[in-house]
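Colleague: I have just opened this model, and I would like to go through it slowly with you. Could we start with the pockets and then turn to the helices?

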Amino acid sequence: MARILCLDFDDTVVLDNTWRQFLDRFTDATRFEEQVEKPRAAGLLSVEQANAAGLDLIDPDIQKEELEAFALTVARPREGLHELLDWAHWNGWLVAVVSLGFDFYVDPVLDSLGLDRIARHAGRTRNDYRWRVRYLSPRGIDVEEGFKLSYARAFRDAGDFVVYAGDGESDIEPAALAPVVFARSTLWERLEGSRERIFPFDSFHDVVAVLNSQAAGWPGAEETTA
């Protein structure tokens, strides 16, 4: 049994919604409202499809290097991130970032923090005359909805013990498959009181405090937990 700490990226690993910052900087607000936000609000687009539609609004003349550079100017890691990852390392847990964001900001931000060895699963982009994205499930299948859920289900089906940390609507279904959840914002509002092991957090110091006090009693922890 592997013990996996599964982290959302936007509003979780980093304090802000990085994709929203990209939309504000690189797309036209009126076009985004008409082509993405209204169809999404009407239930016509999944989050994955809405993200792809928003990405299509970015000028294809903008190169990936410019997007990566912008990401590094706006990303603010949540306090306690390195302490959490140190805890995971010393106690034999694996860490995976699973995000509906895009590689041109998830990868450079994590790499800039010295976290280049952490597994990350996000939208994989390309620029072939237009910006495009693929969300690949653990089986390598293109999905247009349920991307995070596909990873949570794969971890569960492999018999892994998962601790999930997230904040938003897209985290609700994958978090429901995890025996332990750390939640903020919408995720906390939706899942509060729904299970024994759900904990609010503001900084990752809050997460580490719970792990230090309780993780030794969770299934599989006796194998390697220091």
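**Pockets, helices and backbone**

Colleague: What is the volume of the second largest pocket?

Modeller: The second largest pocket has a volume of about 310 Å³, where a pocket is an open set of 1 Å grid points that fit a 1.4 Å probe, with protein on both sides within 12 Å along at least five of seven lines, and the volume is the space filled by probe spheres on those points. Please keep in mind that this is a predicted model, in which local features need pLDDT of at least 70 and side-chain atom pairs 80 or more, while totals for chains, interfaces and linings use all residues. Residues are numbered from 1 along each chain, and side-chain values use heavy atoms, without hydrogens or water.

Colleague: Which residues lie nearest the centre of that second pocket?

Modeller: Its lining, meaning residues with an atom within 4 Å of a point, has 13 residues, and those nearest the centre of the second largest pocket are L85, H89, V95, R117 and I118. Helix α6 (81–90) gives the largest share of this lining, with five residues, and both α6 and strand β2 supply at least two; helices (H or I, at least four residues) and strands (E, at least two) are DSSP runs numbered from the N terminus.

Colleague: And how much space lies in the largest pocket?

Modeller: The largest pocket holds about 570 Å³ of space. Of the 24 residues that line the largest pocket, N17, W19, V47, N51 and S170 lie nearest its centre. The elements giving two or more residues to this lining are α1, α2, α3, α4 and β2, and α3 gives the most, with four residues.

Colleague: Let's stay with α2, then; which of its residues are buried?

Modeller: In helix α2 (residues 18–26), the buried residues are T18, W19, F22, L23 and F26, where buried means under 20% relative accessible area, exposed over 50% and partly exposed in between, with a 1.4 Å probe and protein chains only. They cover an arc of only 145 degrees around the axis, which puts them on the same side of α2, the arc being taken from the directions from the axis to the C-beta atoms.

Colleague: What does that buried side of α2 pack against?

Modeller: The buried residues of α2 pack, with heavy atoms within 4.5 Å, against α1 (9–13), α3 (29–41), α4 (47–55), α5 (64–74), β2 (94–102) and α7 (103–112). At the start of α2, there is also a side-chain oxygen of N17 that reaches to within 3.2 Å of the backbone nitrogen of W19.

Colleague: Which residues of α5 are buried, and which exposed ones does its other face carry?

Modeller: The buried residues of α5 are L67, F70, A71 and V74. They are on the same side of α5 because their arc around the axis is only 105 degrees. The face of α5 turned away from this buried side carries the exposed residues E65 and T73, whereas the buried residues of α5 pack against α2, α7 and β4.

Colleague: New topic: what is the phi of D11, and what is that of Y129?

Modeller: Phi of D11 is near 65 degrees, a positive value in a residue other than glycine, and phi of Y129 is also positive, near 70 degrees. Most residues other than glycine have a negative phi.

Colleague: Where do those two sit, and is each buried or exposed?

Modeller: D11 is placed in helix α1 and is buried, with a relative accessible area of 18%. Y129 lies in the loop between β3 (119–127) and β4 (131–134), and Y129 is exposed, with a relative accessible area of 77%.

Technical notes: A polar contact is a pair of N or O atoms within 3.5 Å; within protein, one must be able to donate a hydrogen and the other to accept it, and residues adjacent in sequence count only if both atoms are side-chain atoms.
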